[in-house]
Amino acid sequence: MTAVLLPEPARLKPPDVVALGAHGMRTRPVRAVLSALGIAIGVAAMVAVLAIPASGAQALHDRLAALGTNLLTAGPGQTLFGENATLPDDAVAMARRIGPVQAAAGTGTTSASVRRSDKIAADDTSGLAVYAARPDLLGVLGGKVRAGAFLAAGNQNYPVTVLGSQAAARLGIDHLDPARPPQVLIGTQWFTVVGILAPMPLAPEIERSALVGWDVAERLLGFDGHPSTVYVRAEESQVDGVRSVLAATLNPQAPNEVEVRRPSDALAAQKLTDTTYSALFLGLGGVALLVGGVGVANTMVISVLERRREIGLRRALGATKRQVRGQFLAESVLLSGLGGLAGVLAGVLVTAGYALSQGWPAVLPVGALAGGVGVAALVGAVAGAYPAMRAARLAPTQALA
């Protein structure tokens with residue numbers, strides 16, 4: 001009796017497996033799209049959550065590089081008896097004597113309020129302050145004039161003022177007409193607006209203020225001549241050293257009554273708080289991805305039940321369990337992978353649109369883009385494992401019954 005050798009089943013090449021997987025998707029396109037939608041939403045959320053903070057961080061880095069991280073501010077704190085302290089009159093001059101200090105300037109707080117009209121109550125300040133300043137302040141802050149000009153040495157004793165960007169907006173002054181410059185009421189005296197400043201992220205208090213000359217503030221506004229804030233520009237490598245000696249330099253008799261700050265640290269800290277919300281949305285994106293994976297698994301289980309005859313026919317024609325398992329696993333991975341690719345594209349569009357609206361550079365981490373598709377394919381493999389094994393276990397006779 002001679003033995004009959006059966007031919008070994010042909011091995012499916014990777015393109016054949018992909019083609020078989022794509023066939024199941026083409027026969028039910030609506031179901032495939034709805035199943036991939038959950039994956040796409042989850043991946044899009046995760047890509048956007050990773051890319052938008054990266055874009056914001058790059059924008060912050062660019063902003064700090066332009067503004068400089070070498071700016072220090074010093075102001076009076078509290079005395080030992082809990083009273084408000086004051087800085088010496090020569091505090092600005094003392095700051096300039098520190099070796100690594102490149103420039104220093106100061107502002108002085110006045111008790112006057114600024115109003116657009118004398119019909120407005122004097123106690124209605126609109127959150128604006130009036131500061132005495134000298135012409136060198138703008139250079140130390142690295143600020144720019146949006147309209148008009150800044151205070152000059154020739155008008156320090158005249159009733160002219162320069163408005164910060166927010167102060168001008170709150171007072172309803174958006175442009176300057178050289179022929180008829182606007183006026184604002186500071187205290188009981190009308191001041192002519194000669195300039196409007198551009199935004200100053202490192203000095204938000206200047207944005208919400210009206211700046212007047214040092215001399216005119218003493219003469220008309222009851223200013224006592226004590227600087228309330230000293231702005232110091234130091235060499236980049238010596239900022240920490242200057243910070244450690246600045247309080248003792250400005251007020252040698254009571255250095256504990258001087259508060260020294262670095263404004264760029266506040267901007268960096270504000271950026272750190274944004275990462276909390278990023279982690280939250282990253283978690284929500286993971287939940288959406290999980291829900292999408294469950295949807296894919298459900299679709300594949302239903303697909304196995306509906307295609308029992310196809311599975312039985314393929315088994316009867318010689319397809320092995322491994323080939324059937326590979327077909328349905330490939331379909332699940334392909335379905336999730338296409339959803340992941342669509343999610344990555346959606347995340348890129350959301351990131352680009354949001355960055356453009358904020359004036360940020362669009363930063364797209366390569367790891368997030370590649371990881372989005374990879375995670376989606378992994379979810380598809382896990383979600384399709386059980387349906388693929390279930391399809392492979394079907395006997396030809398049972399499937400064709």
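Glu 259 is partly exposed, with a relative accessibility of 43%, and it takes part in a salt bridge with Arg 261, in which the closest N and O atoms lie 3.7 Å apart. The model described here is a predicted one, and a search of the whole structure finds three salt bridges, of which the pair of Arg 261 and Glu 259 is one.

**Salt bridges**

- Side chains of opposite charge can pair when their charged atoms come close.
- Arg 261, the partner of Glu 259, is partly exposed as well, since its relative accessible area is 40%, a value that falls between the limits of 20% for buried and 50% for exposed.
- Asp 136 forms a salt bridge with Arg 96, and the closest N and O atoms of this pair are 2.9 Å apart. Because Asp 136 lies in the loop between strand 4 (129–133) and helix 4 (137–141), while Arg 96 belongs to helix 3, the pair ties together parts that are 40 residues apart in sequence.
- Within this pair, Asp 136 is partly exposed with a relative accessible area of 31%, and Arg 96 also counts as partly exposed, at 41% relative accessibility.
- Arg 262 forms a salt bridge with Asp 240, where the closest N and O atoms are 3.9 Å apart. This pair links distant parts of the chain, for Arg 262 sits in the loop between strand 11 (258–261) and helix 9, whereas Asp 240 is in helix 8 (residues 239–250), 22 residues apart.

**Charged patches on the surface**

- A patch of negative charge gathers on the surface from Asp 89, Asp 90, Asp 215, Glu 218 and Asp 224. One of these residues, Asp 89, has its place in the loop between strand 1 (71–76) and helix 3 (91–96), and Asp 89 is exposed, with a relative accessible area of 53%.
- A positive surface patch is formed by Lys 321, Arg 322, Arg 325, Arg 390 and Arg 393. Helix 11 (321–358) and helix 12 (366–393) each supply at least two residues of this positive patch, and the largest share, three residues, comes from helix 11.
- Arg 393, one of the residues in the positive patch, lies in helix 12 and counts as exposed, at 54% relative accessibility.

- Val 30, Leu 34, Leu 37 and Ile 41 make a nonpolar surface patch of about 410 Å².
- Leu 34, which is among the residues of this nonpolar patch, is found in helix 2 (residues 29–67) and is exposed, with a relative accessible area of 57%.

- In helix 10 (residues 308–316), the residues Ile 311, Gly 312, Arg 314 and Arg 315 are buried.
- Just after helix 10, Gly 318 takes a positive phi of about 115°.

**Residues far apart in sequence**

- Leu 313 is found in helix 10 and counts as partly exposed, at 47% relative accessibility. Although Leu 313 and Pro 396 are 83 residues apart in sequence, the distance between them in space is 6.8 Å, taken from C-alpha to C-alpha.
- Val 287 is found in helix 9 (residues 263–306) and counts as partly exposed, at 49% relative accessibility. Val 287 and Gly 42 are separated by 245 residues in sequence, yet in space they are 7.3 Å apart, again from C-alpha to C-alpha.

Terms used:
Residues numbered from 1 in each chain as written. Predicted model: local features only at pLDDT ≥ 70, side-chain atom pairs only at ≥ 80, totals over all residues. Heavy atoms only, no water. Patch = residues over 30% accessible without salt bridge, like charges linked within 9 Å, V, L, I, M, F, W, Y side chains within 5 Å. Areas by Shrake-Rupley, 256 points an atom, 1.4 Å probe, with all protein chains shown as cover. Salt bridge = Lys/Arg side-chain N within 4 Å of Asp/Glu carboxyl O. Lys, Arg positive; Asp, Glu negative; His and termini not counted. Charge placed at Lys NZ, Arg CZ, Asp CG, Glu CD. Helix = DSSP H or I, 4+ residues; strand = E, 2+ residues; numbered from the N terminus. Buried < 20%, exposed > 50% of the residue type's maximum accessible area, 1.4 Å probe, protein only.
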